[in-house]
Amino acid sequence: MKYHAGDRVEHPDLGKGWVVKTDRKGITIDFPSQKGYYLTWNVVNDKIQPYQHVKEGDYVYHTIRGVGKVLRTTETSVDVKFQRETITGMAWKIAEKLEPIPADGLRAALLDDPDKIKQMVKEKPTDIVALVLMDFNRQARTDDIKRLLVQQKLLKPQQWDKWWRSVTPLLREDPHFDTSQSQRQIYALREAPKPLHEEIYERFLQQDQIENKLRIIKTLIEDHFDDLDDKIRAQCHTYLADQIMNTEEEKALRIQAYFLAEKLAQKSPQHGVPEAGEALFEGAVDVSKLLYTADAERVLTLVREKPNWADVYLTALEASAVRIRRMALKELVRAGKWEEINMALEMYAEQVTENPNTFTWLATELLTQHLKNHIHNMDMKLILYKLVNMLDWIPAGKSRENVYTLVVNRNILNRFIGEFDDNVVEKFLETYLTSSSIRIHDQEQVMDILEMQNRVHILETLSHYFEDALHSRKSMEKQKVTAAEYKEMEDRFEMLLMEELPKITREMAAAREEKGTKDSHYLTLWDKQRFLLTQIQRVREMLRMSEIQSS
């Protein structure tokens, strides 16, 4: 075979090299270990072969033509089948631009069966991730996975976040994947599946934060205990014991470690619980820092008989679980800890810019319980005043909508408009009436109450906010009724409002006094009262929309 300057060649001992020059007698080659290596033509064919970096059946990538598969190679050229065309007789010098890619990676699989791969994105997403990782030598960052899937048009950029959120839990559960570095956005495909409990324990060793370590130990004890060997059990026990005794650590987390040590001891008696752990329930503890709702409930139960129990319960008002907050508030109310509740409300009000949710929840919960006749001793007017005046500090979203939903309850709104001066009422209504969730029905309710209480000045000041409701009223035709029919509706309205409503209110008060607000009889009466108020509103609306026909 004839070689030319610039050709790449291969020597069995010296490896790959470049032809520098040729003459009538021989050839000069530069190898990494030896420059200017000269061979005569009569031995060239025995020692030198053309360097072929790909062979038949290999998958390759070309920057312009994309992914292809090598169909045939000769001493002088290579044939490659790409997605859109087949190139034959490609000279080896040109073929040097072909980059070999893994035969078991995503790009090769797409070339062989694109329809199957597109279906796998929906039906077998973990298999897709495995193919991607093979293209990156079994390990890749999240951004690399995204880039390749979008580049190959298997996902649109806007689809990635939702798709990846659904896939990551599956990867954590699949023993073929190493997700121990997932916090660093690194995922790997194992050579062989690894038991899940070993992978979870690896995550434990790599974690720095005590909260994450405790969560992992809980998973190991509750879900994988039988799979753990003595070494892992002993190391979990040692870590928990160290945290229990660590006086510099947050007490709530030390208690969390104590509870986990108890669970471990129940399943593995040789790993006892440190006796010093029982002293953790003396003194102050921030219940909101506990990781699990069940454990927070247990702490509240354990400290209930302690002298400082109310202080501990107040910390639970900041817990993320609503169940814990309500449990704590209910007990504080039952014990008449109004001074403590007021102090907490004041404190959360001061922190409303940093943490609006706690203040909003406590204030709305107190008003809700008052509305259900569960709370009588607290100054609900003051709470309502604080809540409305703090509205500017509560960011738009769920918290603010919760305030609107509560305050515009007809009973509370009626009281609010009746008890506060024009400035306070106007300020709240202006904010409320411009919210995105306002409906014509809400406008009409505010107008009705303002008219009933003769707050004409407010109605006139805010008239431009009631345009839709006023237009609706004008556009709705009055229903013609006889004088007798109108009188019948008036009598019914008066009977419901003046007789039935006071009667059921008295019955509810007696039932509450006798057996409390959880008694089935009281709850039945409460439902009846809600139904009665709905009837009153309906009859009142019928009267407003009715007109006596002229005889």
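**View 1. Helix α9 passes helix α10 in a left-handed crossing.** A crossing counts as left-handed if the near helix is turned anticlockwise from the far one by less than a right angle, and as right-handed if clockwise. This is a predicted model, in which local features need pLDDT of at least 70 and side-chain atom pairs count only at pLDDT 80 or more, while totals for chains, interfaces and linings use all residues. Residues are numbered from 1 along each chain as its sequence is written, and side-chain values use heavy atoms, with hydrogens and water left out. Helices (H or I, at least four residues) and strands (E, at least two) are DSSP runs, numbered from the N terminus. The axes of α9 (residues 210-223) and α10 (residues 230-245) come within 11 Å and cross at roughly 140°, which makes α9 oblique to α10. Here axes are lines fitted to C-alpha atoms, for helices over the stretch in contact, and angles run from 0 to 180 degrees between N-to-C directions. Angles under 35 degrees count as roughly parallel, over 145 as roughly antiparallel, 65 to 115 as roughly perpendicular, and the rest as oblique. To find the contact (heavy atoms within 4.5 Å), look for I210, K213, L214, I217 and L220 in α9, which meet C236, Y239, L240 and Q243 in α10. By class, this contact of α9 with α10 has 7 nonpolar, 1 polar and 1 charged residues. Ala, Val, Leu, Ile, Met, Phe, Trp, Tyr, Cys and Pro count as nonpolar, Asp, Glu, Lys and Arg as charged, and the others, Gly among them, as polar.

**View 2. Helices α17 and α19 are roughly perpendicular to each other.** The axes of α17 (residues 380-389) and α19 (residues 410-419) come within 11 Å and cross at roughly 90°. From α17, M380, K381, L384 and V388 make the contact, together with I412, R415, F416 and E419 of α19. Sorted by class, the contact of α17 with α19 has 5 nonpolar, no polar and 3 charged residues.

**View 3. Ring pairs link W160, W163, W164 and Y187 into a cluster.** Rings of Phe, Tyr and Trp (its six-membered ring) pair if their centres lie within 6.5 Å; planes under 30 degrees apart count as stacked, over 60 as edge-to-face and the rest as tilted. By this rule the count comes to 11 aromatic pairs. One of them is the stacked pair of W160 and W164, at 5.0 Å centre to centre with 15° between the planes. Both of these residues lie in helix α7 (residues 160-173), 4 residues apart, about one turn of the helix. W160 is buried at 5% relative accessible area, and W164 is buried at 9%; buried means under 20%, exposed over 50% and partly exposed in between (1.4 Å probe, protein chains only). W164 also forms an edge-to-face pair with Y187, at 5.2 Å centre to centre and 90° between the planes. That pair links distant parts of the chain, with W164 in α7 and Y187 in strand β13 (residues 186-189), 23 residues apart.

**View 4. K153 and Q185 are loop residues with positive phi values.** K153 sits in the loop between α6 (142-151) and α7, and its phi is near 60°. K153 is exposed, with a relative accessible area of 71%. Q185 belongs to the loop between β12 (177-178) and β13, with phi near 65°. Q185 is partly exposed, at 36% relative accessible area.
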